[in-house]
Amino acid sequence: APLIAVCGRPNVGKSTLFNRLTGTRRSIVGDEPGITRDRIYGEIEWQSEYARIVDTGGVVPDDEALIPSEIYRQARVALDEADAIIMVVDGRTELAAPDLELARILLRSGKHIFLAVNKMDTVQITSDAENFRQLGFRDVFAISAEHNNGIGDLLDAVFETLPRPEVEAP
Ligand code: GDP
């Protein structure tokens, strides 16, 4: 099945979004003593189509000192493995250097990248999200992972770009 990656700096809501999308169908990779659990895979079903999804943030501790290398690690996982990438930012805070760096790396790859502006919990969400187009994304979605706003539109757009399973000729 095609793979969707979720990227973004700590605390933007990656794992909340991941849990919203997968429900309970997930597995932590490297979940053994001494192994960093640096990514989590799950499954997602949308309009009768299936994909796998990876939270590239895993359960790496939220340590500011780790951010630069963490951004590169996430980007590598996403660019190596994924068919589509959702970059998550926190719509309630100013963009920070790690956001800009991650956006730069992802956009340069030429893959399908979707920007999810998260924590847009109230109604005025769409116009605010437009500000984030400055990052260079064509596809910008205001969402609230916590309140389940905007998730359907995001998934419609992402699944639209995924490779379809081969259909056998009759
Ligand atoms: P991660 O580090 O990127 O995986 O972020 P988390 O999913 O752990 O979320 C970080 C914090 O943001 C948590 O306190 C979440 O409850 C909160 N959060 C996540 N999504 C939303 C949202 O849509 N709205 C609001 N208000 N808070 C959110």
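Predicted model: local features only at pLDDT ≥ 70, side-chain atom pairs only at ≥ 80, totals over all residues.
**View 1. The residues around the ligand.** The ligand is surrounded by 15 residues, of which N11, K14, T16, D121 and E146 are the closest.

**View 2. Polar atoms facing the ligand.** A polar side-chain atom of D121 is placed 2.7 Å from a nitrogen atom of the ligand, whereas K119 brings a polar side-chain atom to 3.0 Å from a ligand oxygen atom. At N11 it is a polar backbone atom that lies 2.8 Å from an oxygen atom of the ligand. Of the 580 Å² of accessible area that the ligand has on its own, the protein covers 73%.

View 3. Strand β1 (residues 3-7) is largely enclosed by the rest of the structure, because five of its five residues are buried. In a regular strand, side chains alternate between the two faces of the sheet. In β1 both faces are covered, with L3, A5 and C7 buried on one side and I4 and V6 buried on the other.

**View 4. The strands paired with β1.** Strand β4 (residues 49-55) runs parallel to β1 and is joined to it by four bridges, and I4 has I53 as its bridge partner in β4. Strand β5 (residues 84-90) also pairs with β1 in the parallel sense, over four bridges, and here the bridge partner of I4 is A84.

How values were computed:
Residues numbered from 1 in each chain as written. Heavy atoms only, no water. Near = heavy atom within 4 Å. Polar contact = N/O pair within 3.5 Å; in protein donor to acceptor, adjacent residues only side chain to side chain. Areas by Shrake-Rupley, 256 points an atom, 1.4 Å probe, with all protein chains shown as cover. Buried < 20%, exposed > 50% of the residue type's maximum accessible area, 1.4 Å probe, protein only. Helix = DSSP H or I, 4+ residues; strand = E, 2+ residues; numbered from the N terminus. Pairing = 2+ DSSP bridges.
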